[in-house]
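Biologist: I'd like a close look at one part of this model. Could you walk me through it in one go?
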Amino acid sequence: MKFTLAQDTRIGNRRSNQDRIGHWRTPECLLLAVADGLGGHAYGEVAAQMAMEQLGAAFAQEAKPKLADPGAFLFRAMGGAHAAILREADKQRLDDTPRTVLVACVIQDGRACWTHVGDSRLYFLRQGRILHRTRDHTLVQQLIDEGRIREEAVATHPERNRLLQCIGGYQAPRPDPASNAPLEKGDVLVLCSDGFWGPLTQRHMLHSLLTRPLDKAIPELAELAEARSGGRSDNVSVLAMTWNEEALSEDRTPAGATDTEIRDLTATDMDYLRMTDEDVEKAIAELKTALRKNAPQ
């Protein structure tokens with residue numbers, strides 16, 4: 001696989017950076033992810049870190065050298081992080097559970113497959129156009145979808161930070177059914193937290209990515225997002241990939257699937273609720289260490 005990666009993360013005007021970025025690869029598969037820990041709940045950075053670790057561990061276990069079903073993998077891995085966080089919060093008798101939002105994408109067989117929970121986003125860009133963008137799991141996105149407010153109102157709406165779901169909450173996350181699309185040479189994927197996309201217009205993003213190499217455009221956009229937020233800047237995190245291979249001539253769309261298909265994941269895919277004891281205990285041990293490290297003195 002031929003691709004270029006670029007990333008940036010900034011603390012903004014916050015006391016700590018609760019965002020996390022992760023990418024893992026084999027010769028035939030690549031996994032990208034961005035998590036944004038919820039600052040309104042205790043240990044948001046721990047939830048984000050744990051989500052990254054769960055994704056990485058699951059990828060290492062299943063990508064040999066590629067995944068049997070990228071969409072089902074993403075669903076299980078996100079659910080596995082949620083289950084482990086809840087179990088540890090219960091054991092520690094925490095008043096509130098650590099929580100995070102998450103967006104993740106698998107690159108395999110010349111295709112991108114992605115899903116998310118919350119308001120971290122994926123943008124799929126081709127030749128100066130945004131082909132696909134994830135839809136936020138927020139109240140304001142719901143209002144937009146219902147036609148009650150305009151997209152331009154998101155930045156100033158009083159409920160703009162109200163999430164409808166996350167990882168680590170009281171309700172199990174419901175990731176959007178995985179979408180997938182073939183990649184063409186020059187396509188750009190951008191995974192980012194709301195601290196990145198919130199202050200930027202689509203014109204900002206497209207102009208920079210069209211006119212600058214990826215390793216120049218990404219830090220410039222992160223800096224611009226931070227600057228446009230002024231003294232209210234959230235953590236700013238972004239992970240981007242440019243695909244450097246020609247589109248595959250052979251149709252490798254999974255049987256029964258179509259480009260950008262919305263694929264339903266039924267209860268039979270909810271294997272994350274049946275994690276092995278070894279996986280759960282490892283996750284719990286990691287979270288305990290992080291909780292002790294970050295506990296108030």
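In which sort of crossing, left-handed or right-handed, does H5 pass H6?

Modeller: Before that, this is a predicted model, where local features need pLDDT of at least 70, side-chain atom pairs count only at pLDDT 80 or more, and totals for chains, interfaces and linings use all residues. Residues are numbered from 1 along each chain as its sequence is written, and side-chain values use heavy atoms, leaving out hydrogens and water.

Now, H5 passes H6 in a right-handed crossing (the near helix is turned clockwise from the far one by less than a right angle). Helices here are DSSP runs of H or I with at least four residues, strands are E runs of at least two, and both are numbered from the N terminus. H5 covers residues 202-211 and H6 residues 214-229, and they pack at about 155° with axes 9 Å apart; axes are lines fitted to C-alpha atoms, for helices over the stretch in contact, and angles run from 0 to 180 degrees between N-to-C directions. That makes the two helices roughly antiparallel, a label for angles over 145 degrees.

On the H5 side, the contact (heavy atoms within 4.5 Å) uses His204, Met205, Ser208 and Leu209. H6 brings Leu214, Ala217, Ile218, Glu220, Leu221, Leu224 and Arg228.

H6 also packs on the sheet, touching S1, S9 and S10 (236-243), and its direction makes about 20° with that of S1. That open sheet has five antiparallel strands in the order S1-S10-S9-S6-S7, where pairing takes at least two DSSP bridges between two strands. S1 (3-10) and S7 (129-133) are at the edges with a single partner strand each, so one side of each lacks a neighbour in the sheet.

How values were computed: Angles under 35 degrees count as roughly parallel, over 145 as roughly antiparallel, 65 to 115 as roughly perpendicular and the rest as oblique.
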